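Here are a few friendly notes to read alongside the structure. Keep the picture open and check each point as you go.

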Amino acid sequence: MIEVENKRRKKWSINKNKFLSVEEYARLRLKIKKRQNRPAILLKLLMFTGARASEALAVRLIDLDKAEKTVFIQGLKQSADREIPLPPWYFSQLYRYALNHCEKPEDKIFPFCYTILHRIWNVYRPCNTKTIHSLRHTIAINVFEQTRDIKLVQVLLGHRSIHNTMVY
């Protein structure tokens, strides 16, 4: 368990049940790597952006910037809005899918409820005990381990306060 004390002496902690292990993350990536179906494209969006499930489900065609290969994530739960760069190969996959499934620029790319997303997660998840929100924690930990830049993690997750990010 990782523990951090904030200014108010309240302990924040993240335990191993809240993020995917290296092996679990690798298994999930392997399951969806070459797939270009709706569930795989949505899970990749969550894996590359660290977005909350509700934020990913709210992404619209107009939120994709073809020139910059970024996705605009509208912050929910009092998070900040953010623009996240995506790998070019994945952006192309997401953009093609969006063009084929959206009639208007304002249409949601994945127009379904959390229940459907939960069913998708049950099919693809690498272990039975972790929720889809564990992807958010996993990306935060991975980015921090690669960069050692807590401010970058804060921006990625849309946290308004660095104290929320310090748990990672």
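Which residues in helix 1 meet which residues in helix 2?

1. This is a predicted model, so please read every point below with that in mind. From helix 1, the residues Y25, L28, R29 and I32 take part, and their partners in helix 2 are A40, L43, K44 and M47. Sorted by class, this contact holds six nonpolar and two charged residues, with no polar ones.

2. Now look at how these two helices are arranged. Helix 1 covers residues 22-32 and helix 2 covers residues 38-49; their axes come within 10 Å and cross at roughly 140°. That angle makes helix 1 oblique to helix 2. The crossing of helix 1 past helix 2 is left-handed.

3. Next, find helix 5, residues 114-124, where L117, I120, W121 and Y124 are buried. Looking down the axis of helix 5, you will see these buried residues fall within an arc of 100°, so they line one face of the helix. On the face turned away from that buried side sit the exposed residues R119 and V123.

4. What do the buried residues of helix 5 pack against? Their partners are helix 1, helix 2, helix 3 (53-57) and helix 6 (134-147).

5. Finally, visit E83, which lies in strand 5 (residues 82-85). E83 is partly exposed, and its relative accessible area is 46%. Leaving aside residues up to four places away in sequence, E83 touches D65, T70, V71 and F72. The C-alpha atoms of E83 and C127 are separated by 30 Å, and these two residues are 44 residues apart along the chain.

Methods:
Residues numbered from 1 in each chain as written. Predicted model: local features only at pLDDT ≥ 70, side-chain atom pairs only at ≥ 80, totals over all residues. Heavy atoms only, no water. Axes fitted to C-alpha atoms, helices over the stretch in contact; angles between N-to-C directions. Helix = DSSP H or I, 4+ residues; strand = E, 2+ residues; numbered from the N terminus. Parallel < 35°, antiparallel > 145°, perpendicular 65-115°, else oblique. Left-handed = near helix turned anticlockwise from the far one by under 90°. Contact = heavy atoms within 4.5 Å. Nonpolar A, V, L, I, M, F, W, Y, C, P; charged D, E, K, R; others polar. Buried < 20%, exposed > 50% of the residue type's maximum accessible area, 1.4 Å probe, protein only. Arc of directions from axis to C-beta.
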